[in-house]
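Please walk through this model with attention to how its parts are arranged and where open space is left between them.

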Amino acid sequence: MSRSPSASIFDARILAPAIAGAFRKLDPRTLAKNPVMFVVAVVSVLTTVLFVRDLVTGAGDLGFSFQINLWLWFTVLFANFAEAVAEGRGKAQAESLRRSRSETQARLINADGEGTRLVAGASLKVGDLVLVEAGEIIPSDGEIVEGVASVNEAAITGESAPVIRESGGDRSAVTGGTQVLSDWIRVRITAAAGSTFIDRMVALVEGAERQKTPNEIALNVLLAGLTLIFVLATATIPAFAAYAGGSIPVIVLVALFVTLIPTTIGALLSAIGIAGMDRLVRFNVLAMSGRAVEAAGDIDTLLLDKTGTITLGNRQASDFRPVKGVTERDLADAAQLASLADETPEGRSIVVLAKEKYGIRGRDMAGLNATFVPFTAQSRMSGVDLDGSSIRKGAVDAVLRHIERTSAANGSAAGTAESRRELEAIATDISKAGGTPLAVVRDGRLLGVLHLKDIVKGGIRERFVELRRMGIRTVMITGDNPMTAAAIAAEAGVDDFLAEATPEDKLKLIRDEQAKGKLVAMCGDGTNDAPALAQADVGVAMNTGTMAAREAGNMVDLDSDPTKLIEIVEIGKQLLMTRGALTTFSIANDVAKYFAIVPAMFIAVYPQLDALNVMGLSTPESAILSAIIFNALIIVALIPLSLKGVAYKAIGADRLLQRNLLVYGLGGLIVPFIGIKAIDMIVTAIGLV
Amino acid sequence: MLTQSILFVVLVVGGTALASWPLGRYMQWAMDPADLPSGISGWKTRAFAAIGGPLAASSQNWTRYMSAMLAFNLVMFAVCAAILALQQHLPLNPDGRPALEASLIFNTAASFTSNTNLQHYSGEVSLSYLSQLGALMWLQFVSAATGIAALAALARGLAGRPLGNFFLDIQRACFLVLLPAALVLAVLLVIGGVPMTFEGAAIATTLEGVQQTIARGPVAAFVSIKQLGTNGGGFFGPNSTHPLENPGFWTNIIEMVAIILIPMACVWMFARIIGRLRHGGVIFAVMLAFLLVKIAGSVYFEAAPTRAFAGLPIDQTLGNLEGKEMRFGPAGGPLWSVLTTSTSNGSVGAMHDSLNPMTGLMPMVGMWLNATFGGVGVGMINMFLYIVVGVFIAGMMIGRTPEYLGWRVEAREVKLALLALLAHGLFVLGGTAIFAATPWGADTLNNTGPHGFSEILYEFTSASANNGSGFEGLGDNTMPWNIATGIVMLLARFIPILLPLAIVGSLSGKRRSAESNGTLSVEGGVFGTMLAATIVVVGALTFFPAATLGPIAEHVTTMN
Amino acid sequence: MQSLLASIRIAAMTMLICVAGYATAVWAVAQAAFPDGANGSLVTGRGGAIVGSRQIAQAFTQPGSFWPRPSAVDYNGAAAGGSNKSPTSPDIAARGREMVERYGATPQFLLPADLAAASGAGLDPHISEAGALYQTARVAQARGLDPARVEALVRTTAFSPGGYLTPDRIVNVLELNLALEML
């Protein structure tokens, strides 16, 4: 898979526009989307007005009040800046996407099906037919109705190797903005201008159409609720102080309020969301919505296709198992002959094995006067006809039927019952070991069975162990018979398997899992996967897949790499974890802030309350100023973390919580004590108050 | 001394914790019977359904359950108010108690309907025996039963089952849980020397020849349910410090056990109904931890001598004795003060106003949290609110959409939970702010300075926590106090029942997800820690500025 | 409306069982088995007249009697209550000084705190054993008794309310004074 390099956070190309963006986002309409920061902005306006009033009347401690005001505004700006940086990184990526989509011309096929005329790509409608020839850019998303072509999809995948696209089957979808390298295709347009894949991608990474996800909305509710609680906590203080015969300046109340409300997470929330989406895009996965990304983090069951995901796409011959009376060499010889012209990977692996084991070399097919009999769905066999002799290899039942047929035709004995039984025993044996048996027959005589082995991908077992630790159950989907499936499942270490799976079985499995309260993810590419993709909570369609599959899923993997489901889950989890961790950090910070500001606030009324000044802050003013400076600076300090995300480790939920609670909860408790004390020392040393 | 104090606490708290286990099992059997109402063993359900009438026949959704509860509570309020208003015309009034003032009637009816038992009257001075028993003691049964019923409904909802029927639940709680327990306890109290008579006050001529009127009455029956149902309203003004409510050391122990017994058992009942005993264990442990911390603080601070006696030739080795009874031993007062406020009981075994400043903070903390066992039924419901918030934050931290028992906790649930928690803060802090800054509060104080502030803060805290104890020096039988705390008690009673049931109603419309190694476990120490942290940060820190100006300021200005 | 009807039926039933039935049952048990405590632990004097309740403090002011703890309600058995003063309150300090003066306490002869601090209900019938012993000299002198006898009486009347759990022994003042009459 290819990852685009991530832009450094403090890259000047991002930094400068982000600073400008921080100011632009002071627009109340923009601020209103973020309740916590909106409240901070409102109180900042209030204190600024009060400051101006005091400036005119000359009342109050102007220097102190000015500095608090300054840092209040910095708090808002830092929050805006965080969001702008996240968006800037996305924009940088979108820019390169957009370049690929410079105004294209399309050759629209006339209604009569004859001839074409040039139109602007933007004017295409869904259902239009266009012709695209070598060297041309495909004008919009569509489905090939005719032709085969190699296409360069680097614009969306970053992969420069061309891919084959052809009409019919599962590789018929093409993406607007990609380039046809050879041949020609007729394409039916499936997306109107502005809603193509690349358009959606650009919109997503720029964060322009970012909609709040359910979890984000819930978190916003929590933050708004906490803000209200702290409104209550601070708004009642003047009355309390009045009872005690004191009065608390508004600026001090505001300082307490702003430090108590969860500004840290409030400021970073949208940056975390944008960065999460961005991580996915960088990973060459396109999520149709933020909701899908979060759902990925919730997955309980992962359906994985065996072939290509768990095993290498191709089976390989690993053993020759002759029946009694046939030497291994004879079997190998026949098998090699039958496979010489077989260009499938399996066929080639037989030739290779024969050479490795018995030094049987390639032979000149023409010299042998051989004709190759290719595999057909009907016969389910392939082979070769030599002078007066025929060799066939194929599925055991197909081969047996073949023997019966030929013996009935020429009246010879249909192989001995004994050799049939033996053959079947060997075949069962191989199936149990997870292999695929391939029977070989020469002139109606059973020679033996080839053991075709599924090669489980290296490292996949460890991934499944990891998934299990994450609490995710893996189910292998395969068309193999149950015996073979069980053996491969055991070898790969998946939790369960679905053998001889039809698309209906898949759909049923997903529904069953969901009925048990599980969230299911799967990936698929074929049109017949579409119902299952739509039913799954997270359906990842392969980019090579059909348009139907791509529309049914809620994510598209541009690299068409099914193993990426695992990473997608991690990215989903990481997004939520980052929010949770920073929320915890933000709330835990409050303890220190209370201890900084509350004694400072009431010390004029009850001087003995200095006993609560556990940090030993030098003056009430420096204490309050330090708290508000800390509160602002911590936002900037946490921008990198919110963009990068909290590291996810597959160690189980309980230990994960323990770890995050220690780092962000306990850390959030301790860090501000140290930070505020340090700032207090600096503030005092340089005489700010 | 220290050994005895620790042993004493362990005996009361540990002993009750042990006893709560079988009681929780019994309560689940009583409140959530598995038997079909048709079988032989279903006769109870059939009987209750017959009493309740047609509406008691079928299961209710949360809105119907809630409206049934409100209707019943309306009847409770009305009956109580009517008896109080007409007591001078009604029987069982041997001492000829006169009519009560209107705002006091409102306050008292609100107070006992809401299971608060804040008493702006003094029982032996103002009320007839009929008012005490027919109005107040009746409400001590049915208001407590209301809480237990609400918890049973909440638990059923969380278990993914129909909520049940309020009209059945209230009778189950009354007749099967509270009544047998109250009978047993009342007899124990009678054995311990608590009066139970319908005769009027006794007139004695003391050894020095002075006339002494000794108020008495049907005390044992009243005290028994007052303690068991986290009601707390005493038969006499000074509550369980009164020698006739609490004659000795052992009755004191029994009464303390009775304070926390059912609240503790409610946790187990909840855990059993949702089918998660280990989860119940974690909740129980968190509650117990808070309780023990408060007890330790309370006993520690109360060992400090009466500050006002400093410099006088007075031997204060027994600690602060102001407002305390000799027969309860040195730890009796402070331990009771924590138990009664950790639950929403509100009876007192020592005068809270006369506790040392920091000791006085412990009861307030208990009522601010109001969930470290809490009131019967409602304490566990309050804890559920903290659990929702805690689960939400913890759920995100493990990278999943937060779930509780497989139910997804989303915006609506978080909103409802926070509203309920916010309401408590609003009532306590908002009420205190208004009364502290106006003559409504300032003119009624019995103490000056920070302690006077504490009296106001305590009163609203107690009303909002439906506790009912008081810094009793406060002259709280005034129109503003009666009305303000009356309203607060009613709102603070029903909001934290209504909103959690609404949460359950909202959850039950969702697809329930399965739990696995990857979902948040609510059964371990990590979750317990998370829950405790949530309680401290969301529940307690809000009150820190108020605490600073009250008990903490009094402590730092006077105790050093 | 139907809910209200159901509520009223249940209210009537609970009133009947949980109030009338329950109170009657407890009353019957109490009056049958524990009539003394059930009626207020009243103490009758020589003539059969009620002299007080063992559980309720009464005022003793004569030097020949043991004095109980101070009472914020002046031992009013019909309207009990505590001082409800903060232990930091000057009012408490004033009472402390008054008691010190009353008992003639000196730094060499410290007054036990229970004799200076008011109880919660103002009706605490007990004082500490130390508080009783503190008064033996005065009582013995006023009555013309041997202080050792009075002291012995205090020691035999004193008890530990909670056994091992309460090492500090206490004395019931009314019982002590009644016993004193017998000497």
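Into which domains is chain A divided? In this predicted model, chain A is split into domain 1 (12-92 + 204-282 + 569-686), domain 2 (105-191), domain 3 (304-310 + 470-558) and domain 4 (313-455). The rest of this account concerns domains 3 and 4.

The centres of domain 3 and domain 4 of chain A, taken over C-alpha atoms, are separated by 32 Å. Their contact takes 10 residues from domain 3 and 10 residues from domain 4. Between them the two domains of chain A bury about 690 Å², with 55% of that on carbon and sulfur atoms. On the domain 3 side, A:M483, A:T484 and A:A487 supply 49% of the area buried against domain 4, more than any other three residues. One salt bridge is found across this interface. A salt bridge also joins A:K306 and A:D454, whose closest N and O atoms are 2.6 Å apart.

Next comes the largest pocket, which has a volume of about 760 Å³. It is lined by 30 residues, and those closest to its centre are A:G394, A:A395, A:T436, A:P437 and A:L438. Elements of chain A that give two or more residues to the lining include strand 13 (389-394), helix 14 (396-410), strand 14 (435-442) and helix 17 (482-492). Helix 15 of chain A gives the most, with four residues. By class, the lining has 11 nonpolar, 10 polar and nine charged residues.

Technical notes
Residues are numbered from 1 along each chain as its sequence is written. Chains are lettered from A and ligands numbered from 1 in the order in which they are written. This is a predicted model: local features need pLDDT of at least 70, side-chain atom pairs count only at pLDDT 80 or more; totals for chains, interfaces and linings use all residues. Side-chain values use heavy atoms; hydrogens and water are left out. On a 1 Å grid over the protein atoms alone, a cavity is a set of points where a 1.4 Å probe fits but cannot get out, and a pocket is an open set with protein on both sides within 12 Å along at least five of seven lines; lining residues have an atom within 4 Å of a point. Grid points are joined across faces, edges and corners, and a volume is the space filled by probe spheres set on the points. Ala, Val, Leu, Ile, Met, Phe, Trp, Tyr, Cys and Pro count as nonpolar, Asp, Glu, Lys and Arg as charged, and the others, Gly among them, as polar. Domain bounds come from an automatic or database domain assignment. Contact means heavy atoms within 4.5 Å. Buried area is the accessible area (1.4 Å probe) that two parts lose on being put together, summed over both. A salt bridge is a side-chain nitrogen of Lys or Arg within 4 Å of a carboxyl oxygen of Asp or Glu.
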